[in-house]
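My notes follow in the order I looked things up.

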There are 2 protein chains.
Amino acid sequence: MQKVSPRTLSGFMELLPPQQIKIERMLSILRDTYASYGFTPLDTPVIESAEVLLAKGGGETEKQIYRFTKGDSDLALRFDLTVPLAKYVAANYAQLSFPFRRYQIGKVYRGERAQRGRFREFYQADIDVIGDGKLDITNEAEIPAIIYDAFTKLGLTKFVIRVNNRKILNGFYAMNGMSEKSSEIMRTVDKIDKIGAENVKQLLIDEVKMLPCKAENVLDFMAICGSNAEVVSALERYRGMDPTFDCGFDELIAVTRYLRSFGVPEENFRIDLTIARGLDYYTGTVYETTMTDYPEIGSICSGGRYDDLAGYYTDKVLPGVGISIGLTRLFYVLSEQGIISDEMITAPCDALVLPMTDDLSFAIASAAVLRNAGIRTQLYTEQKKFKAKMSYADRLAVPFTVIVGEDEVKEGVLSVKNMKNGEQIKLSPADAADHISRAVAELGKSTVIKEQ
Amino acid sequence: MQKVSPRTLSGFMELLPPQQIKIERMLSILRDTYASYGFTPLDTPVIESAEVLLAKGGGETEKQIYRFTKGDSDLALRFDLTVPLAKYVAANYAQLSFPFRRYQIGKVYRGERAQRGRFREFYQADIDVIGDGKLDITNEAEIPAIIYDAFTKLGLTKFVIRVNNRKILNGFYAMNGMSEKSSEIMRTVDKIDKIGAENVKQLLIDEVKMLPCKAENVLDFMAICGSNAEVVSALERYRGMDPTFDCGFDELIAVTRYLRSFGVPEENFRIDLTIARGLDYYTGTVYETTMTDYPEIGSICSGGRYDDLAGYYTDKVLPGVGISIGLTRLFYVLSEQGIISDEMITAPCDALVLPMTDDLSFAIASAAVLRNAGIRTQLYTEQKKFKAKMSYADRLAVPFTVIVGEDEVKEGVLSVKNMKNGEQIKLSPADAADHISRAVAELGKSTVIKEQ
């Protein structure tokens with residue numbers, strides 16, 4: 001028979017079991033962390049009406065979206081989890097209680113040009129808090145504090161959540177009479193890391209047509225850096241010149257104060273005036289998160305405050321704040337850097353029960369005892385030689401095998417073998433459960449991410 | 001501004017938060033149960049090359065599939081999790097260890113005519129065991145035993161896993177010289193519940209062109225029922241007439257014996273000779289699962305043994321056995337029948353901390369204490385009147401509120417209010433964590449499904 005090649009499309013992540021178990025652990029930590037802060041899980045369809053998804057329109061989105069017809073319907077695959085959230089909140093406004101706190105972890109689709117580390121199908125792990133009419137500033141500190149908690153639980157310590165406020169930028173441009181050119185200026189300033197300050201200044205003068213003194217002002221402003229206290233102190237001299245700036249500055253001060261209250265260490269968040277976030281959608285606090293040792297990766301978690309979540313669908317004013325982890329790319333990058341741990345159990349089971357007798361009753365009953373103790377237990381039932389069975393356990397990197405031969409059945413015990421150190425002991429099923437549980441719990445303490 | 005209607009496509013399930021929390025609990029129980037038997041999680045792309053998904057071809061599939069092009073690529077959305085599994089095993093054969101045991105819980109897509117209770121996007125929750133060349137018969141008993149465990153954990157007790165063996169049917173048709181007409185006969189016999197035995201007999205004679213005595217034979221055979229022991233005993237008289245029948249009969253006897261060993265009670269599994277499963281793909285044991293009180297719902301969990309998982313992609317002989325729960329439909333049906341429990345916590349949090357002071361430090365620290373004790377804790381920070389805060393807690397059906405006013409801060413205690421019985425007590429943060437944890441654990445004991 002003519003065979004079809006069993007290929008997976010490029011740009012689509014499909015992992016072997018050990019890697020899949022690692023990313024599942026990450027998914028589970030994110031789910032649990034988000035839930036622990038009182039966010040409710042949401043699950044919206046992958047397919048939506050194209051009209052709904054593209055209500056906002058916009059260039060890049062339209063180009064990248066997977067759009068198709070089925071019967072008379074013009075359909076598309078979601079390209080983020082924010083637009084479906086907006087639709088959901090607008091549609092269910094009367095049934096929801098505000099602030100509405102939801103998390104959603106799901107796959108989104110963007111038909112980007114395929115290249116290493118770029119995915120067309122990828123997981124986003126989002127949290128958002130939506131207010132009805134208004135929303136307290138503390139949320140803008142709690143959101144990055146939750147991200148700090150989540151990353152810490154994943155084992156990441158060397159990361160910085162960079163915080164800025166769009167009102168500070170808008171206010172600064174207003175006080176310099178540059179509001180109209182602000183987005184052009186921001187795009188140019190964004191190149192500072194690549195081409196250097198002097199070249200940016202020249203571009204501002206030549207292409208954005210700014211006066212040299214104004215360009216200087218912009219560069220001086222963007223050059224403000226240092227500890228959070230130092231940045232705040234440097235910003236003080238701009239106060240009183242523009243009400244939007246003052247409002248944003250007060251918000252930034254409040255957010256940094258609350259971030260400390262929420263227990264985020266000073267080294268894990270930093271005021272960074274160069275963070276603007278491309279989307280015109282954000283109106284206040286904005287976030288980007290970078291890994292200290294891998295700045296070239298760019299932001300691994302971004303978001304911010306917006307004033308109007310669902311204006312395309314409803315007249316209700318729904319301000320909110322949200323953040324998103326691009327999990328597929330993060331996992332890819334961490335794997336590439338070799339900082340995904342090899343210590344965790346990646347076998348499908350913690351214990352592999354190997355029956356050596358025809359009657360499986362004792363093996364089956366013992367497997368149930370182990371399982372009831374929370375041990376993932378596989379009963380191996382293929383008719384193979386002992387050596388083949390052990391080699392199966394080895395290949396899967398199963399931490400424990402449990403041998404059930406004639407003698408064990410007679411004595412009512414199990415021969416428990418630690419596959420790492422080779423130690424083999426006879427224990428009653430209950431004691432075996434206890435023994436294995438403790439070892440598995442110990443192995444479970446290792447974090448998914450292990451930084452060098 | 002012209003608004004776009006925030007609609008969700010028909011045939012796509014999108015739940016309000018309390019219902020979503022219920023189905024998440026079901027998903028989590030299925031994940032944990034599958035994992036506890038040593039199945040490894042798998043996550044394949046939703047989009048595959050159309051050529052790969054349609055390698056087998058076939059009428060219904062081609063009609064229902066979501067298929068579209070992007071650039072030069074002919075793409076399609078997966079319509080089940082079995083074809084992606086076949087592709088995965090064929091593609092990664094050398095890296096996998098056999099028996100390969102995987103579970104996959106994910107959304108699949110079928111553009112069926114939309115009608116009540118029919119979904120175009122729905123969750124399947126599958127387990128499969130794949131052998132390399134051969135696979136022991138015990139797996140054919142373990143698979144339904146795992147389903148018994150999963151349903152029991154969900155709270156379902158009134159269900160029957162119906163078991164048959166395709167070889168018994170094929171053997172029976174062979175011994176009657178009716179092999180060529182077997183699929184036509186099976187389709188006709190399938191109508192027995194609707195039109196009755198006499199009418200089926202007439203159809204077999206008139207349309208399938210069978211001799212009356214042969215039609216009689218078929219109906220006699222299909223009428224065999226009773227306890228598992230009675231069915232086995234009735235089947236004994238067919239033994240020795242066809243080798244395929246004998247083989248299937250031995251397998252059926254082995255499967256029922258092992259089902260007992262695996263602890264599945266006699267009332268939850270039944271030999272049912274009318275089960276054939278439409279797909280020509282199954283070759284041995286087949287399963288369907290029905291709810292005792294709601295037979296009209298049809299099968300809620302089906303599967304069986306197949307000899308050639310991935311013949312369209314590889315020459316390797318990969319026999320397997322698998323089963324699938326259609327979770328979205330099951331949830332819909334259970335909700336319609338009103339047997340999804342109302343006792344479980346459906347609030348986004350277990351405890352809602354209400355700070356009444358400007359300084360949030362003590363409230364934030366206390367929330368962290370609760371969270372560390374495993375309590376899902378939301379800090380409420382909106383500037384609202386006390387009454388509005390309590391009404392928010394009520395609307396969300398939060399089990400506990402934790403009030404942090406001036407007095408509490410001074411005394412270093414929390415006022416913990418049980419929202420169900422109104423009881424309010426002052427406790428240290430650690431004692432509060434203990435108090436709430438115990439109550440939440442008690443509420444967590446209720447199963448998702450509560451049969452009347």
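I began with strand 12 (residues 351-355) of chain A, which pairs in the parallel sense with strand 14 (residues 400-404) of chain A over five bridges. Two strands pair here if DSSP finds at least two bridges between them. Helices (H or I, at least four residues) and strands (E, at least two) are DSSP runs, numbered from the N terminus. I found A:Pro355 opposite A:Val404 in strand 14 of chain A.

This is a predicted model: local features need pLDDT of at least 70, side-chain atom pairs count only at pLDDT 80 or more, and totals for chains, interfaces and linings use all residues. Residues are numbered from 1 along each chain as its sequence is written, and chains are lettered from A and ligands numbered from 1 in the order in which they are written.

Next I looked up the sheet: five strands of chain A form an open sheet in the order 13-12-14-15-16, with mixed pairing. Strand 13 (377-379) and strand 16 (424-427) of chain A are the edge strands, each pairing on one side only.

Then I checked helix 1 (residues 17-36) and helix 5 (residues 138-154) of chain A, whose axes come within 10 Å and cross at roughly 145° (axes are lines fitted to C-alpha atoms, for helices over the stretch in contact, and angles run from 0 to 180 degrees between N-to-C directions). Helix 1 of chain A brings A:Met26, A:Ile29, A:Leu30 and A:Thr33 to this contact (C-beta atoms, placed from the backbone, within 7 Å).

Last, I looked at the two chains: 75 residues from chain B and 75 residues from chain A make the contact. On chain B, helix 1 (residues 17-36) gives the largest share of the side touching chain A, six residues.
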